[in-house]
Amino acid sequence: MKRYFFLLIVSLLFILGQNRSIYPKSKDGKQTRHNVESLLAQMTLDEKIGQMVQVDYLAVKNNEDDVRKYFIGSVLCGGSSDPIDNTPKSWKELYDKLQSIAVGTRLKIPIIFGIDAVHGHSNVDGATIFPHNIALGATHNIKLVEKVGAATAGEVKGTGIQWSFSPCIAVARNERWGRTYESFGEDPQLVKKLGAAYIKGMQGKSLSGKLSVLACAKHFLGDGGTTNGKDQGNTECSEEEFRKIHLPGYIEAIKADVKSIMISYSSWNGQKMHGNKYFLTDVLKNELGFKGFVVSDWGGINQLPGDFKKQIEQSVNAGLDMAMIPNGPGRKYNYLDFIKYLKELVNENTVSVSRIDDAVKRILTVKFELNVFEKPFADNSLFAKIGSKEHREIAREAVRQSLVLLKNENNTLPLSNKLKSICVAGKNADDIGNQCGGWTISWQGESGKTLSGGTTILQAIKNTVSPKTQVTFSKDGSGASGADVCIVVVGETPYAEGLGDRADLSLSAEDQEVIEKAKTANVPVVVILISGRPLIIDKALINSNAFVAAWLPGTEGQGVADVLFGDYKPTGKLPHSWPKDMQQIPINIGDKEYDPLFPYGFGLTYK
Ligand code: GLC
């Protein structure tokens, strides 16, 4: 009997603990400021420094109690740091487990949990994978991008997580860059509009909303402007040019009330942004009035000169508020050393207490605004949002509106869904992993059936045609002769960040051969390009009757068939100038000499 009574008390305490905060509800800015000040006044230096630490889950996986012991302020799962499996249930359980450890501290300050939901909640198997930002850029549709941000937030909150490292508002100026697809495009005006829309969608009307997620504008500043498009490279230009191209997105993001900003690995004229006090503090916080907090990139401070302690001093004094630390005890640049060195720096007065207090106040303010003190745990009523039909429809709409028709000889498109025979070819026709691209389930993404659900382009075609239509598939294009049309789906395979940097963006020989083979079969050839950027397509274009840039559409390949068979007209417009050859890159709208294969904003539609 005693045992049951004990269990009853424990479960009652747990239920009460679920939503009982020891702080008054932050109903307005004044109450929030009061809560922050009164909490800060109670905090020890260790508790303050702990709030400035974000650890990767794999770094604490075998010593989870460190989250409590060191008062850790945030946990993230990097691109490939996942719970036991990638199911929504495992993610929610991981979140709640770490949160229950965090609120076990003296002051019960909850963590905020960060994830790269950069095209949907893309680590999670079963989530809706939306088109990557380059495709959203091709829609030029502010309202739609806001809807995508809101739907992504709903799926993230379904797992309890309340912080996403998105949107990337890079202005990608050189398509050699492996992160071109994470940007909305080359035009600062387009990037600022879509970035702000995404933030509004993700954060909702108020950060305390049950479906709201803290957005993170990244990577500040100039990540997309590096020489030769080298990832984490050096953006070399005047301050005027730097501001003109790369700052508008952040000005608009701050107007949209973004409350976290991530620092870029890249440099400006040779100085790493992670140590650039002028831009991180004088410009971002003082001139632009950014009131949220600044987070480093993954081990970003360790690219600064000097030893770990020197790197911490430089970055925190430059304006870093929270350090994203990938490593745990026993590894270089681990979170225990970060805490030790930062404490030493404060005790030596090399980093002032006021700088620490400023960082902690920024972090706590966002936590109160997120209502995470009041509701620290996952809201089970949101779990069904993950991969919901409603969200998949939004993603399918985004796919449709992202397609850019570059060529349509003799109105080859739209196709009739009553054709006798359709040959589908190419390595990307039936590959959900290639269709989603990087940052999908794992950091780099992967070819093949890497996630459950989703519709490949081949499946979408089969779903659309009449039962009498014969649809054949061959990766190499064989068997096309005699068909009414051959649809060839080619392009890139998944990559992320610097591993996607390319000196040559020509279509692969394999892809060229498939198109040529289809061409020699003497049937109309429709090429669909799955890629994270414009590629060099001169020969492919000549050998095709119709050519569609489909970018990285994600799980809802049905959106491609919707346009191929004319249920919807193509409306996409290029978010990048399309180069004739590699020598032309970088080529951007506004260049003095501007003669691309297709200009920025180009896109055909159906008669
Ligand atoms: C990566 C990326 C950044 C991402 C972070 C956490 O290196 O640069 O965009 O949010 O690490 O995964």
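This is a predicted model: local features need pLDDT of at least 70, side-chain atom pairs count only at pLDDT 80 or more; totals for chains, interfaces and linings use all residues.
Student: How many salt bridges does the rule find across the interface of domain 1 and domain 2?

Tutor: The domain assignment gives domain 1 as 30–385 and domain 2 as 403–584. The structure as a whole holds 38 salt bridges. Across the interface of the two domains, the rule finds 1 salt bridge.

Student: How much area do domain 1 and domain 2 bury between them?

Tutor: Good thing to ask, since the size of an interface is often given as the accessible area lost when the parts come together. The C-alpha centres of the two domains lie 35 Å apart. The contact takes 40 residues from domain 1 and 36 residues from domain 2. Carbon and sulfur atoms carry 52% of the buried area, and the total is about 2,800 Å².

Student: Which three residues supply more of the area that domain 1 buries against domain 2 than any other three?

Tutor: Here the share of each residue in the buried area of domain 1 is what counts. The leading trio supplies 22% of that area. Its members are Glu175, Arg176 and Tyr181.

Student: Which helix gives the largest share of the side of domain 1 that touches domain 2?

Tutor: Between the domains there are 28 residue pairs in polar contact, with both residues at pLDDT 80 or more. By class, the domain 1 side has 14 nonpolar, 16 polar and 10 charged residues. The largest share of that side is 4 residues, and they come from residues 133–139, helix H7.

Student: What is the bridge partner of tryptophan 268 in E9?

Tutor: Strands of a sheet pair through backbone hydrogen bonds, either parallel or antiparallel. Strand E8 (residues 267–268) and E9 run antiparallel, joined by 2 bridges. For tryptophan 268, the partner in E9 is glutamine 271.

Student: What is the omega of the cis peptide bond that joins lysine 218 and histidine 219?

Tutor: Most residues other than glycine have a negative phi, and most peptide bonds are trans. Serine 166 to proline 167 is cis, with omega near 15 degrees, and proline 167 is found in the loop between E4 and H9. Histidine 219 is in strand E5 (residues 217–220). The omega of its bond with lysine 218 is about -5 degrees.

Student: What is the phi of phenylalanine 71?

Tutor: Phenylalanine 71 lies in the loop between helix H5 (66–69) and strand E2 (74–77). Although this residue is not a glycine, its phi is positive, at about 55 degrees.

Key:
Residues are numbered from 1 along each chain as its sequence is written. Side-chain values use heavy atoms; hydrogens and water are left out. Domain bounds come from an automatic or database domain assignment. Contact means heavy atoms within 4.5 Å. Buried area is the accessible area (1.4 Å probe) that two parts lose on being put together, summed over both. A salt bridge is a side-chain nitrogen of Lys or Arg within 4 Å of a carboxyl oxygen of Asp or Glu. A polar contact is a pair of N or O atoms within 3.5 Å; within protein, one must be able to donate a hydrogen and the other to accept it, and residues adjacent in sequence count only if both atoms are side-chain atoms. Ala, Val, Leu, Ile, Met, Phe, Trp, Tyr, Cys and Pro count as nonpolar, Asp, Glu, Lys and Arg as charged, and the others, Gly among them, as polar. Two strands pair if DSSP finds at least two bridges between them.
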